[in-house]
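Subject: Structure handover

Hello,

Please find the structure below, followed by notes on what was found in it.

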Amino acid sequence: MPKMAESSSSSSGRSSNPSQEPGVRIIPSKEHRAAADCLAEAFREDDVAKYFVRTPDTETWSDSKKWDMHTRIMSSLVLAHCYKGLALTVGPHHEAVALWMPPGKTMEDRLTMFRSGLVLLNWKLSKEGHHRFTKEFLPLLHRTKSEVLGELDNNSWYLVYIGTKPAARGKGYAKMLIEHVTRQVSDLALELQIKMSRFRISISDL
C-alpha cells in the first residue's frame, strides 16, 4: 500500500509534488471529533444517515439525543479510517472530509472496531437502529461495492464517505480531496477505480 503524502509547498510557493493538492492533509486521530462534526453537518438531511436514528423505537428520543447518535456514528467511522484507512480533510476548520479505504483493507476487524468505538454502537443504537446499521446497511454496502467493482474489488481505493460543510460548498474542496488520492495513485501506476452510486435506502429496498 502506498503512503499517501500530505500537501506541502516548496520555498517557491508551489506544491513540491504536482500530485498533491494544497491544503489537503491527513486527519490525525486526535482531530476525529472535528472531522466527524463536518460529516455530521454534511449528512444532516441524508436519508441513509437518518435511517439509523429515526426508527420506531426512537420516537421518544429528543432531537438532541438523535443528533448525538448521528455524530457518534460519524466519529467512529472517522476513527476507523484514521486507524485502518485514509482520512483526509481540507480547509482551516475541517471544511470538507473524505474517508478512503485502501486496497485489501477493511475497518471491520475486531481491533479496529474496538478502538474506533464502532463496537459500542451495538449498545448505543436502539435495537432497530442496530439492526438497520449492522444487518441491513453494512451488508448492502459490501454487496453493492462487490457488484459494482467486480474483479477489481480487492485492488481498488474505495471512497467510503465524502462531505463538505454547507457553508463551505462550491469552493472545490471535495474535488481537492478526491484528486489528492487519484493523482498520487495514478503516479504510482496502481489500478484505481472509483465507482459512485447514489441510492436511497428504504424498508422496501432491504
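Which helix gives the most to the lining of the largest cavity? The answer is H3, with three residues. Before the rest, please keep in mind that this is a predicted model, and that the values below are computed from it.

Cavities

The structure holds two cavities of 30 Å³ or more. The volume of the largest cavity is about 40 Å³. Its lining is made up of Ala49, Phe52, His70, Ile73, Met74 and Tyr161. Sorted by class, five of these residues are nonpolar and one is polar, with no charged residue.

The second largest cavity holds about 40 Å³ of space. Around it are Leu77, Met107, Phe133, Phe137, Leu138, Leu141, Val160 and Tyr161. Which helix supplies the largest share of this lining? That is H6, with four residues. H6 and strand E4 each supply at least two residues here. The lining of the second largest cavity has eight nonpolar residues, and neither polar nor charged ones.

Second largest pocket

The second largest pocket contains about 280 Å³ of space. It has 17 lining residues, and those nearest its centre are Met101, Lys105, Thr106, His142 and Lys145. Helix H6, residues 127–149, and strand E4, residues 158–164, each contribute at least two residues to this lining. H6 again has the largest share, with four residues. By class, the pocket lining consists of six nonpolar, seven polar and four charged residues.

Two packed helices are described by the angle between their axes and the distance between the axes. For helix H1 (residues 32–42) and helix H3 (residues 63–84), the axes come within 8 Å and cross at roughly 125°. How are H1 and H3 set relative to each other? The crossing angle is roughly 125°, and H1 and H3 are therefore oblique to each other. The crossing in which H1 passes H3 is right-handed.

On the H1 side, the contact involves His32, Ala35, Ala36, Leu39, Ala40 and Glu41. These meet Trp67, His70, Thr71, Met74, Ser75, Val78 and Leu79 in H3. The contact of H1 with H3 has eight nonpolar, four polar and one charged residues.

Regards

Key:
Residues are numbered from 1 along each chain as its sequence is written. This is a predicted model: local features need pLDDT of at least 70, side-chain atom pairs count only at pLDDT 80 or more; totals for chains, interfaces and linings use all residues. Side-chain values use heavy atoms; hydrogens and water are left out. On a 1 Å grid over the protein atoms alone, a cavity is a set of points where a 1.4 Å probe fits but cannot get out, and a pocket is an open set with protein on both sides within 12 Å along at least five of seven lines; lining residues have an atom within 4 Å of a point. Grid points are joined across faces, edges and corners, and a volume is the space filled by probe spheres set on the points. Ala, Val, Leu, Ile, Met, Phe, Trp, Tyr, Cys and Pro count as nonpolar, Asp, Glu, Lys and Arg as charged, and the others, Gly among them, as polar. Axes are lines fitted to C-alpha atoms, for helices over the stretch in contact, and angles run from 0 to 180 degrees between N-to-C directions. Angles under 35 degrees count as roughly parallel, over 145 as roughly antiparallel, 65 to 115 as roughly perpendicular and the rest as oblique. A crossing is left-handed if the near helix is turned anticlockwise from the far one by less than a right angle, and right-handed if clockwise. Contact means heavy atoms within 4.5 Å.
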